[in-house]
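Me: Here is a model I would like to go through term by term. Please set each value against its definition.

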Amino acid sequence: MNLPEPKRLPDGRWTARYSAPPGPDGKRRQPRVYGRTKKECTEALVAAVGQVHAGRPADDRRTKYGDHLDRRLRWWESEGDIMPSTLASYREAAGLYLRPAFGHLRVADLRDHHFRDLAAAMRLINRPEADADGSDLLRRLLAARATRDGHRTSTRPLTDARIRRVLAVASSSLADLVPHTLAVNPAAAVKVGKGRKVKPLLWTAARTERWRETGQVPGRVMVWSRDQCGAFLDGIEDERLYSLYHVAAYFGLRRSELAGLCWADVDLATRRIHVRQAQVDDELDSTKSEDSERIVIIDQDTADVLRAWRKIQLAERMAWAGVWTDSGRVWTREDGTALRPAGISERFDTLVARLGLPPVTLHGLRHGSATMALAAGVPIKAISEMLGHATSAFTADVYTEVAEELAEAAAVAIAAFIPRRAKTVPNGGGNDR
């Protein structure tokens, strides 16, 4: 490899140029590297040229972060092993936060205080305190949200988890620039919150009574007791999508997995559900991780519930005739089109409020499923596999404490453990496959 000879500058430093791929404007680029000594400069030069030969992005000190982000996004998109939903989250982080915040700055000028300021500004979004903050950074972030054509942005304050994900995208986008452009990765040095797992909290009788008196919810993640879960399922038996919430409560499928489940992956004769894809937004995607792809064995009552639902769906198909959309999904709108994942949660919240039950999220049904299975004596490994967790240790760490609150009656299988008013199949039944 023929490298250019470093030259000494008037200020005593050493510098050298090398050829890099064209920038976003298509023009030829010859970035510089620097060093306090000739040896240090040569080492930086070797590292930079190695980046180019390895096919990784190479930057110079004049590159704007916005241009660098665009290049990084194209590189991510060219990778075949990144899921579409993950790419969508990268684009959102870049479009809503990183590019508006620092797109105008040179990459070489980025420091950790920039990303600390970004985290602080993100915490103010959708909060009353934002009105009193006159920073240009927050103004740019709010302007980006206001001009995001065709996309809905959340009206809730951003969680620490969301802020950490954005900073993780920033850190990944800058990782290849260390050490020849940046001495350290400025985004990697910023820590947001403690990152502790938020463990579910049970709606005990005392907590429920306090909630009815004050309206206060005692924890961020709440789960129902077995009586409350049974009351919910009994109270919605006439709901069109009863079977969806039944499966969520009993077997803990994620919202995206419920929305993406297809009849081709359900075998009612053998009582098997193969969870192998998910719908996060508008398109089908693979599951959250390799561990999330799994086969869930359902009980006979649940199989009968799904048979009854399929009869309803077939009747809707006949009623809509030639305009019915064959999406292949288990749960659909009346015209056969796929459900909107957010709509599943919105309907769930409406049903909970109508029944006067203490509030839980749709994801709380997944937590409740794990908790009641543990309390019912189901082995931790079986529960971990049912939920699609990476390890049994994670399942035990999150759910054991809540399960102990239910343990006094834990001696039967989960299907029998949730008390029900009657073992009837809603909306009819049948034995068709």
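Me: Why are H2 and H3 called roughly antiparallel to each other?
Reply: The axes of helix H2 (residues 65-78) and helix H3 (residues 84-102) come within 10 Å and cross at roughly 175°. Angles under 35 degrees count as roughly parallel, over 145 as roughly antiparallel, 65 to 115 as roughly perpendicular and the rest as oblique. H2 and H3 are therefore roughly antiparallel. The residues of their contact divide into nine nonpolar, one polar and four charged. Ala, Val, Leu, Ile, Met, Phe, Trp, Tyr, Cys and Pro count as nonpolar, Asp, Glu, Lys and Arg as charged, and the others, Gly among them, as polar.

Me: How do you know what these values rest on?
Reply: This is a predicted model, where local features need pLDDT of at least 70 and side-chain atom pairs count only at pLDDT 80 or more, while totals for chains, interfaces and linings use all residues. Residues are numbered from 1 along each chain as its sequence is written, and side-chain values use heavy atoms, with hydrogens and water left out.

Me: What makes Gln-228 count as buried?
Reply: Gln-228, found in helix H8 (residues 226-235), has 11% relative accessibility and therefore counts as buried. Buried means under 20% relative accessible area, exposed over 50%, partly exposed in between (1.4 Å probe, protein chains only).

Me: Which residues does Gln-228 touch, not counting residues up to four places away in sequence?
Reply: Gln-228 touches Trp-203, Thr-208, Leu-357 and Pro-358, where contact means heavy atoms within 4.5 Å.

Definitions and conventions
Helix = DSSP H or I, 4+ residues; strand = E, 2+ residues; numbered from the N terminus. Axes fitted to C-alpha atoms, helices over the stretch in contact; angles between N-to-C directions.
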